[in-house]
Amino acid sequence: MTDIESKGSNPVAAMGMQDKERIARAALARLMEPQDSVGLALVRALGAVDALGVATGELATGPTVEQEVSALLVEAGGPSTWVGLPATLRRWAPRVGDLAPERDLETMRRLGGRLIIPGDELWPEQLEDLGLQEPLCLWWRGQEQPLPPLGRTIALVGSRDSTSYGASVTGDFAYGLAQRGYAVISGGAYGIDAHAHRGALSGGGAGLPTIAVMAGGVDRFYPSGNEDLLRAVATQGAVISEVPPGSAPTRYRFLQRNRIIAALASVTVVVEARWRSGALNTAHHAESIGRVVATVPGSIHSANSAGCHRLLRDGGAVCVTDVGEIAELAGAIGESTSEEKSADTSVHDGLSLEDLILLDALPLRSTSSVEKLTVVAGLSPDAVRAGLGRLGLMGLASSERGAWKRAKNT
């Protein structure tokens, strides 16, 4: 690359390509804070190995690199002007001497964990939806198996000072979702997070019943009061973080890890949240990348439900009251074999796009009202009523006391 020249020996350069990439991302994860847009743009522009060389002063750059970084920042919705690489390098300089990626990787090996990077089999592809804000890497402690696909992962989040109502709802949701084969994502904190993990562990069988996304390093289970719980999560599921071992769970890192929770899940369910709860931050991240946000209604007298009601009032969330409604939002309506799907193809061929969407929105076991179907399907009430009439005439839907469900053989 003509715009980069070596200024010294780079210890990473002597390694194989895969090892180089892993070591470089491990080092950059300690050098940069999560969501350091300039650093992430530099990695996109040069690759992790050369970006580390530039960040540590081993490689010199010219104006072309700055132009590429600027273009990436603008493309990601950032400012058209920034302080430039020299100022950014000065910002990173105090941490360069502390970089010891081999030590961090050895710590993970000692804990029975690993570092995963984009391209690895375990890397969750849904994180790509974060664009420039996709994490550099994930420090992974737990079962060595891929996360379920996006449609089979649900985030349950909420207040740390949850009420008995919130605890009961969360436990029921998490248990029911795990029983249906969903992975429950949460943040490992007290309150709603803890109840989500416990419920999922109780209901889960094979696979990853629950994943805890930490704000600090995975070498220390935080908060300490949840140590036994998080140890169980690491044994049966996974505990992950984008910051390296030994990193403190600062307030800033709590907010940044929320985007990972949102990106990993197809649906983010806010069970309880105060008016300014961090759970609303997770909901905002989910909404910004096109994920579904749902929330649970509570008492109008409860401060712990004020944030949930705010989401409903502002139109940013769908109201859910049971596991079936969450599953509908995730797009997993019933289970059919490949033979059944093949047999159904000819029946569905004549349906319009709106009718197909409506058919997918219909539950198999319970019934759903026209009002709920308008939300799940994203269609107008008139379109839903007309579509239900057509599906009913074709024998694909049936009505029970004014509510609708999918016919058993569809």
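How many strands form the open sheet, and in what order? I went looking for that before anything else. I found 9 strands, running 3-4-8-7-6-5-9-10-11, with mixed pairing. A reminder to myself: this is a predicted model.

**Entry: the edges of the sheet**

I checked where the sheet stops. Its edge strands are strand 3 (114-116) and strand 11 (318-319), and each of them pairs on one side only.

Next I asked myself which strands helix 10 touches. Helix 10 (residues 251-264) packs on the sheet and touches strand 4, strand 5 (153-158), strand 6 (183-186), strand 7 (210-213), strand 8 (238-241) and strand 9 (267-272). I also noted its direction, which makes about 155° with that of strand 7.

**Entry: two helices crossing**

Two packed helices are described by the angle between their axes and the distance between the axes. I looked up both for helix 2 (residues 37-46) and helix 4 (residues 63-75). Their axes come within 9 Å and cross at roughly 115°. Is the crossing left-handed or right-handed? I have it down as right-handed.

Then I listed who makes the contact. Helix 2 brings Ser37, Val38, Ala41, Leu42, Arg44, Ala45 and Leu46. From helix 4 come Val65, Glu68, Val69, Leu72 and Leu73. Sorted by class, that contact has 9 nonpolar, 1 polar and 2 charged residues.

**Entry: empty space inside**

Rolling a probe the size of a water molecule over the atoms shows where empty space is left. How many cavities of 30 Å³ or more does a search of the whole structure find? It finds 3.

I took the largest cavity first. About 100 Å³ of space lies in it. Its lining has 13 residues, and Met32, Glu33, Pro34, Leu136 and Glu242 lie nearest its centre. By class I wrote down 8 nonpolar, 1 polar and 4 charged residues for this lining.

Then I moved on to the second largest cavity, with a volume of about 70 Å³. This cavity is lined by 13 residues, with Met214, Ala215, Gly216, Tyr222 and Pro249 nearest its centre. Its lining has 7 nonpolar, 4 polar and 2 charged residues.

How values were computed
Residues numbered from 1 in each chain as written. Predicted model: local features only at pLDDT ≥ 70, side-chain atom pairs only at ≥ 80, totals over all residues. Heavy atoms only, no water. Axes fitted to C-alpha atoms, helices over the stretch in contact; angles between N-to-C directions. Helix = DSSP H or I, 4+ residues; strand = E, 2+ residues; numbered from the N terminus. Left-handed = near helix turned anticlockwise from the far one by under 90°. Contact = heavy atoms within 4.5 Å. Nonpolar A, V, L, I, M, F, W, Y, C, P; charged D, E, K, R; others polar. Pairing = 2+ DSSP bridges. 1 Å grid on protein atoms, 1.4 Å probe; cavity = no way out; pocket = protein on both sides within 12 Å on 5 of 7 lines; lining within 4 Å. Points joined across faces, edges and corners; volume = space filled by probe spheres on them.
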